[in-house]
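Please look over the sequence and the structure shown below, and keep both at hand while reading this briefing.

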Amino acid sequence: MTENTEKHEFQAEVGRLLDIVVHALYSQKEIFLRELISNAADACDKLRYAAVTTPDLAPSKFAIHLVADIPARTLTVSDNGIGMSRAEIVDNLGTIARSGTKAFLEQMSGDAKKDMNLIGQFGVGFYSAFMVADKVEVISRKAGEADAWRWVSDGKSAYTIEPAKKNIAGTDIILHLKEDEGEFTEQDKLKAIVTAYSDHIPIPIYFGEDEAEKLNRAAAVWMRAKSEITAEEYKEFYHHVAHAYDEPSLTVHWRAEGKLEYTGLLFVPTQKPHDLFDPRRQHRVKLYVKRVFITEAAEGLLPPYLRFLKGVIDSEDLPLNVSREMLQNNPVLTLMKKGITKRVLSELQKLSDNIEEYAKFWANFGAVLKEGLYDDYDHREELLKLFRTYSTKEKELVTLADYVARMPAGQDAIYYITGEDSAALARSPQLEGFRARDIEVLLLSDAIDDFWVGAIGSYQGKTFKSATRGDSNLDKIKKVEMPAENQPTSDKLQALIKSLKDIYGDQVKDVKTSIRLTDSPVCLVAGEGEMDMHLEKLLRQNKALGLGQGFSPGRILEINPSHSLINKMADMAGGEQMADLAWLLLDQARLLEGETLADPLAFSQRLTRLSLKAVA
Ligand code: ADP
Ligand code: MG
């Protein structure tokens, strides 16, 4: 320590993470090397890209060296990549900048041991060094800068940082190995770990300070022949490129030749990224030009609805000195995007033959893919084939083609209902009449559903029609007679409807008898030309269209003339009890729509009054 040494505490989460890593991941501790090599390779990629515009920055050759000192029991992982400035060291190694790690900590609720296998799915990056070392030194010099810095920590609660000397740009990570971790200085051991986890790293990894002993193959995995790559190698590359630790659920590796030449190696994760619907979320596909890393998440390389993909696209056509700015609206990129989209959609189509696997994919990413139905006109047909949904007919997911093929004679629309959750939707009173007539209704439970259905309008000439809007014409498809003895006379029914309308005033647009209901007394529907109720609710929640918080007066209350409550009410001659019942019915219908009540106090007073009568 010198007078220039500064001591800093770790951010609280870092301390927790360090603790978990050191204690819980013990059985897989060798993955620390994978993590450090992965970071070293990323650093070389970044410098190689920076050197496109500033050639002086790059070394003549990029390399990673593993240097062991057996007597001192240290292992140094050295790279000549981009390096870190002082501020970058503090930010990257003292705080948890990675959102994935934050999510990991959130999931590590309570008992850490119980959730141990979770760690493997997230990867813990740099901090994994503390599994094998009781002290870690990082000496780094940023390319283009003269100063170097030394960061030292025992991985407990604090680290120090001070000026250091370093001749070339890059980073040395010096692990002071724990007493019983001496094996990580042995060449054979290191070779075995590199072969298992880091063989695909496209930068040579040497044992020792010279270039006599190369430990990895150092060829870009995506350039190798498919037949020569094992599933394990694909998986390890996925872990490196995606900074993820789950299994890829689909691997797409292909070479495009002809007008455009490029290679793609893309992965669909098994785990749903926690930020999939964060508006800032971008795809995680890295763009390379002739093996040189250009940028992460090039805008315009993939359509937004494929943002769950991770991997690499390596172009032969773009110039090596392409800058990120030049990529914007670049015609080569636009053509690649078309090709990539087509390829991925056709691979998904193949995956869909495996019903079980595809159901898992759909559960994770279906809601994202549906965005394409809304805004990618060119691929609508393919996307419609990939679409799946639950319906009132089957336990498993159904396709639109299944639905149309099953439609009974006389049905000319595709009926659907939108809401938050398909199980709740299936219980909607509005569907009773459909069930009674054996008419299938699609249960659409993603926020995007209201929008793509509106944008597409029809499928195979059949119009999409909301089950909660307008006259449902159900009797045209199949007539269901309701038992007449339970129904009030037509005069009494008309009188009841009139008094209900008087009671509700402008709270509903209309009161009508229903052919949609068989069991429930009432339900709300939207008028034929009106906005669908769930869509309106969504827009209101998002304060769109200037819709206020109140209830839409556009709703129609449908009453079930065969329900005994309606029948009894038709016999009542008005009065307070009649009004109480009327309001309770309306509030009940609103609650079923997931609305909050305008006046919960009045609701509970009415309920109490009526309950008292019931127990009296
Ligand atoms: P991740 O690699 O997923 O970002 P890590 O914990 O492995 O997470 O690393 C944290 C950050 O520290 C990296 O994103 C990078 O900015 C920086 N870093 C780590 N090792 C190096 C290195 N050898 N050279 C330059 N930067 C590094
Ligand atoms: Mg890393």
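Leaving aside its neighbours within four places in sequence, S198 is in contact (heavy atoms within 4.5 Å) with R34, I37, I193, I205 and N216. The model is a predicted one, in which local features need pLDDT of at least 70 and side-chain atom pairs count only at pLDDT 80 or more, whereas totals for chains, interfaces and linings use all residues. Residues are numbered from 1 along each chain as its sequence is written, chains are lettered from A and ligands numbered from 1 in the order in which they are written, and side-chain values use heavy atoms, with hydrogens and water left out.

- S198 lies in the loop between α6 and β8, where helices (H or I, at least four residues) and strands (E, at least two) are DSSP runs numbered from the N terminus.
- S198 has a relative accessibility of 2% and therefore counts as buried, a word that stands for under 20% relative accessible area, while exposed stands for over 50% and partly exposed for values in between (1.4 Å probe, protein chains only).

**Helices with one buried face**

- In helix α6, which spans residues 187-197, the residues L190, I193, V194 and Y197 are buried.
- Seen down the axis of α6, these buried residues fall within an arc of 100 degrees, so they line one face of the helix; the arc is that of the directions from the helix axis to the C-beta atoms.
- The buried residues of α6 pack against α2 (31-53), β2 (64-69), β3 (74-79), β8 (205-207) and α7 (231-242).
- In helix α3, made of residues 86-94, the buried residues are I89, V90, L93 and G94.
- Around the axis of α3 they cover an arc of only 100 degrees, which puts them on the same side of the helix.

**The sheet of nine strands**

- Nine strands form an open sheet with mixed pairing, in the order β1-β6-β5-β4-β7-β3-β2-β8-β9, and two strands count as paired if DSSP finds at least two bridges between them.
- At the edges stand β1 (6-9) and β9 (213-214), each with a single partner strand, so one side of each is left without a neighbour in the sheet.
- Strand β4 (residues 133-141) pairs with β7 in the antiparallel sense over eight bridges, and V136 stands opposite L175 in β7.
- Helix α2 lies across β2, β3, β7 and β8, and runs at about 25 degrees to β3; axes are lines fitted to C-alpha atoms, for helices over the stretch in contact, and angles run from 0 to 180 degrees between N-to-C directions.
- Helix α6 also packs on the sheet, where it touches β2, β3, β8 and β9, and its direction makes about 165 degrees with that of β8.

**The sheet of three strands**

- An open sheet of three strands, again with mixed pairing, has the order β20-β22-β21.
- Its edge strands are β20 (510-513) and β21 (522-526), each of which pairs on one side only, and the twist averages 30 degrees from one strand to the next.
- Strand β21 is joined by five bridges to strand β22 (residues 555-559), and the two run antiparallel, with V522 opposite I559 in β22.
- Helix α19 (residues 576-592) packs on this sheet, touching β21 and β22, and its direction makes about 60 degrees with that of β21.

**Two helices in contact**

- Two packed helices are described by the angle between their axes and the distance between the axes.
- Helix α16 (residues 490-504) and α19 pack at an angle of about 80 degrees, with their axes 10 Å apart.
- That angle makes α16 roughly perpendicular to α19, a term used for 65 to 115 degrees, whereas angles under 35 count as roughly parallel, over 145 as roughly antiparallel and the rest as oblique.
- The contact is made by L496, S499, L500, I503 and Y504 of α16 and by M578, A579, A582, W583, L585 and L586 of α19.
- The residues of this contact divide into 10 nonpolar, one polar and no charged, where Ala, Val, Leu, Ile, Met, Phe, Trp, Tyr, Cys and Pro count as nonpolar, Asp, Glu, Lys and Arg as charged, and the others, Gly among them, as polar.

**Further residues in loops**

- R73, in the loop between β2 and β3, has a positive phi of about 50 degrees although it is not a glycine, and R73 is partly exposed with a relative accessible area of 28%.
- D180, in the loop between β7 (170-177) and α6, is exposed, with a relative accessible area of 58%.
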